[in-house]
Structure formats: structure tokens, C-alpha cells
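Reader: Hi! I'd like to go through this structure with you, a bit at a time. Could you put it up first?

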There are 2 protein chains.
Amino acid sequence: MPPPIIILHQTQLGQNIGMCARAMLNCGLDQLRLVAPRDGWPNPAAIATAADADVVLAQTQCFATLAEAIADCHHLYATTARPRHQAIPVLPVAEAVQQIRAQPNSTSSDQQSAILFGPEASGLDNNALSHANALIHFPTNPNFSSLNLAQAVLLFGWEWRRAQAQPIAHSVPLTAAPKKELHNFLNRLENELEQAEFFLTPELRPETLRKLRSLFTRTQASEQELNLLHGVITALKKT
Amino acid sequence: MPPPIIILHQTQLGQNIGMCARAMLNCGLDQLRLVAPRDGWPNPAAIATAADADVVLAQTQCFATLAEAIADCHHLYATTARPRHQAIPVLPVAEAVQQIRAQPNSTSSDQQSAILFGPEASGLDNNALSHANALIHFPTNPNFSSLNLAQAVLLFGWEWRRAQAQPIAHSVPLTAAPKKELHNFLNRLENELEQAEFFLTPELRPETLRKLRSLFTRTQASEQELNLLHGVITALKKT
């Protein structure tokens, strides 16, 4: 099974990216992706704090949008200090790790999971969260729960590494399509709804699209199921 | 049971002390002690990185020597990236936490444990290690094991917090004396050996004293047992 990819979304400080890389490598993770880092990429401040984890930074990929960063991933877990998003299941980090490990390989390709971490000050916004299959919660002190970015990355990596020594609890029959197939479907759905003049109140449109994305993300649909959904749209248009 | 005390030995950067305080409070730990921090105490750089964990810094105690810092503690665990000290048992952090939780309260006082973390660049020297009842090892990536100071403190705290949700595995019949009683004994032993012209080669004296300290530390002697050892010395002197 491929280890999870760590994705840092709109990180502000390069030094935090470096500290995340170090924490990742401490736990044997080396696949790092960035989405729209504030100060651009590459960033010398990251190299300074990575200690000798420059092997991680050297292969780090940078993307303009979250959708591009997760296009080839199958499952996205978003970390949050405040699990308040109603439509997405919330898992303590240790359970999330067990779920990731229980995902079987499909016959054609591995099921790639990615873990998403938000910007330092604000965390992930609802738009980013709507891409997630599940939210990861770190059960820290409820009176002082806010983790530094690299600390959160470390705790995920630590739990991942910890779990490698344990047997896999169970296996879920699930072969989700790559996210790019889901995005194709969602984009088509949006276009079709546009043409159907579904968005009568323009200011509600973003929120409506987020709800749809979150809903279909939760299905963890396979490629065959997405084809089915495409067929449903095509069929409905004919009525 | 009192939560463990975190002791930072000869920490160089105030910002790291602040990050340690934040990581501690994330995990519900709030007893912090410093031994000879390089830049003195209090240190504004610590407050800047502690986020809102200033409650921890406000009650942090600062000591000139390690012996003073642990005088009222009963068990000292030292963290190390390179567990190479032959005479001291080494425990993975999760096992160390179980051992600490298994220590019973004595009738007169709680058994207080403390966790020792060394300076950023070099880690703990042999002199400091010789005070430890056991060494704590963090099973990170063997090819990239060096943890940032606050990351190590976080992982200890995380494992401590994680364990609170689990039943205590077993209980060890052990009521170690406070360290100050052990130090009294070791100081007396050194004086007696001095008088007995035991230290024929002056340059070997520090290493010999470290070995003795490590040996007697490992016994986890109770006050009654230390009294017995005092009696042994007194008796031997009469022969």
C-alpha cells in the first residue's frame, strides 16, 4: 500500500513547510504536496527548518488548486481542530489511520490516500473541507486543542508509523475512482445545472456547489458508479 | 496520580521552551521545570511561541542544577535519540508511559515521575543520563530519527494522554525515595570514598561517580533501603 500523501493547503510560512517535511520523514513519510503556498515555491525558509529532510522538499510538488493536487488521489482526509462540518464523518486520528490501512488495492491501481492540513491561522475553509471523504480529529486537551501545523503533521505520521506494527483490522470493499473522475462528474453536473437555470439566487450558488461536492465525495464512488451517475444525468436531460 | 513533570535540560533557545509549553498543554501537562537554560529565565522569546500556553510558563520553575530540579521526584526518565547507555534500561515511549502509570502511590506521598529532555543540538550528556531510572526511546524512522525538541515533548505528552483512556495494565510494588535522599546517599558515598583514597586516578573520578549514580539510581531504592545502605557504609567503615 502506498503511504499517504501529505497536502499543505495555503500554508503561510516557509519555515512551517520545512518543519512539516522534517516531521514527515521522522515518521517515514516522504510525499509532500503544496497548494498555493503564500510565499511561493521553492522557498529557502523551508530548507532552513527541514534539517536534513531536504529529500522530502526536493520532490515536493506545488499546485495552484486543491482539485489539481488531489486529482490522482482516491481518498482525502482533512484535518481540523473544530470538527463542525455536519455532512462529513469525523474520525479520531488513530481510527482514520486504521481506515486508510484497511483500503484494499484495486486490480488496476493502488488506492491513494491524502491528508490535508489547512493554513496556520485559520484552518481549512468550508470549500476545502467539501473535498474530504472524512475529517481527522486530534483528541488533544479540549481546553487547549490548537496544534501547531508541524505538530499536527507529526501526530498523523506518528499514528501512521505506530499502526504499521499492528495487523490490519479489516478490509472494506471499496475502490473509489481517482478524484479527477469525481471532479469531471461534478463539473458536468454544475454545467448541466447552469443550463437548467438551477441557480436562481447567485449568492447561494457556491454554498450549493459545496454541498453537492461533499455529498458525492461521501459516496466514494467507483469509476463505474460515476459512469452510472453520468448516465443518470444524460437520461434526466432527455425527460 | 500526579501527571509527569517535564524537565528541559540546558535548552538553548527560548522559542523552543515556548513551543514545548504549548505542546505540553495540548496534551494536558502543565508542570514544566528548566535546568540552566542558556539565555536565562524568564525569556520573552518563550512567551512569543507558547501561543496561549502562558499558564504553563507562569508556573515554570528554573533550577541551576539537575540534582535540584529532581530533588522531590521519585522516578526520572531521560529521553534520547541514541539509546547507547549500557547500564540503563531503554523503553519505547508507549511502554514508559505504561510503567509510569503502573507506579502506585505510597501511603505518605505520591510517586512523582519526571521526564528529562536534553539541549537541542547535543542531547543529554552521560552525566545527566546517569540520573535516569530509564531511557525513553521514540521509535521514529531509523534513517531519520532526530526529533525537534518540542516534537519530542509532544510525542511524550500524546502517548501520556492516549494512555489515560486505557486501563492500567499492572501495578509494581515500588515506593522509591525522593531523589534528594538518593543524592544524600551518593554524596556521602563520594565523601567516604574520597577519605578512603578510592580515587587514585583523578581523571577517572567523574566517570566512576557517574557509574555509581547510575547503578544506585537503577535500584529505585526506598527510604528504608537507603537507610540500610547508609548503615552498610557506616558498618564497612568500622572494619
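Author: Happy to. Let's begin with a side chain in chain B: B:Glu190 counts as partly exposed, at 21% relative accessibility. Keep in mind that this is a predicted model.

Reader: OK, and which residue does B:Glu190 form a salt bridge with?

Author: The partner is B:Arg205, and the closest N and O atoms are 2.8 Å apart. B:Glu190 lies in helix H8 (residues 179-195) of chain B and B:Arg205 in helix H9 (residues 205-218) of chain B, so the pair ties together parts that are 15 residues apart in sequence.

Reader: Is B:Arg205 buried or partly exposed?

Author: B:Arg205 is partly exposed, with a relative accessible area of 24%.

Reader: What are A:Glu190 and A:Arg205 linked in, over in chain A?

Author: A network of salt bridges, which links A:Glu190, A:Glu194 and A:Arg205.

Reader: Nice, a cross-chain one! Is B:Glu159 buried or exposed?

Author: B:Glu159 is buried, at a relative accessible area of 2%, whereas A:Arg162 counts as partly exposed at 24%.

Reader: And what does A:Glu207 pair with?

Author: A:Glu207 forms a salt bridge with A:Arg210, where the closest N and O atoms are 2.8 Å apart. Both residues lie in helix H9 (residues 205-219) of chain A, 3 residues apart, or about one turn of the helix. A:Glu207 is partly exposed, with 32% relative accessible area.

Reader: Switching topic: in what order do the strands of the chain A sheet run?

Author: The order is S3-S2-S1-S6-S4-S7-S5. These 7 strands form an open sheet, and the pairing is parallel.

Reader: Which strands stand at the edges?

Author: Strand S3 (61-63) and strand S5 (90-92) of chain A. Each has a single partner strand, so one side of each is left without a neighbour in the sheet. Neighbouring strands are turned by 30° against each other on average, direction ignored.

Reader: How many bridges are there between S4 and S6 of chain A?

Author: Strand S4 (residues 75-79) and strand S6 (residues 113-117) of chain A pair in the parallel sense over 4 bridges. If you want a spot to look at, A:Tyr77 has A:Ile115 in S6(A) as its bridge partner.

Reader: Found it, thanks. Which strands does helix H5 of chain A lie across?

Author: Helix H5 (residues 93-101) lies across S4, S5, S6 and strand S7 (134-137) of chain A. The helix runs at about 100° to S5(A).

Reader: Last topic, domains. What does the assignment give for chain A?

Author: Domain 1 (5-163) and domain 2 (179-238). Their centres, taken over C-alpha atoms, are separated by 26 Å.

Reader: How many residues are in contact between domain 1 and domain 2 of chain A?

Author: On the domain 1 side, 17 residues are in contact with 9 residues of domain 2. The area buried between these two domains of chain A is about 1,200 Å², and carbon and sulfur atoms give 48% of that. In domain 1, A:Ser130, A:His131 and A:Asn133 lose the most area to domain 2, together 38% of what that side buries.

Reader: And how many salt bridges are found across that interface?

Author: The count across the interface of domain 1 and domain 2 of chain A is 0.

Key: Residues are numbered from 1 along each chain as its sequence is written. Chains are lettered from A and ligands numbered from 1 in the order in which they are written. This is a predicted model: local features need pLDDT of at least 70, side-chain atom pairs count only at pLDDT 80 or more; totals for chains, interfaces and linings use all residues. Side-chain values use heavy atoms; hydrogens and water are left out. Buried means under 20% relative accessible area, exposed over 50%, partly exposed in between (1.4 Å probe, protein chains only). A salt bridge is a side-chain nitrogen of Lys or Arg within 4 Å of a carboxyl oxygen of Asp or Glu. Helices (H or I, at least four residues) and strands (E, at least two) are DSSP runs, numbered from the N terminus. Two strands pair if DSSP finds at least two bridges between them. Axes are lines fitted to C-alpha atoms, for helices over the stretch in contact, and angles run from 0 to 180 degrees between N-to-C directions. Contact means heavy atoms within 4.5 Å. Domain bounds come from an automatic or database domain assignment. Buried area is the accessible area (1.4 Å probe) that two parts lose on being put together, summed over both.
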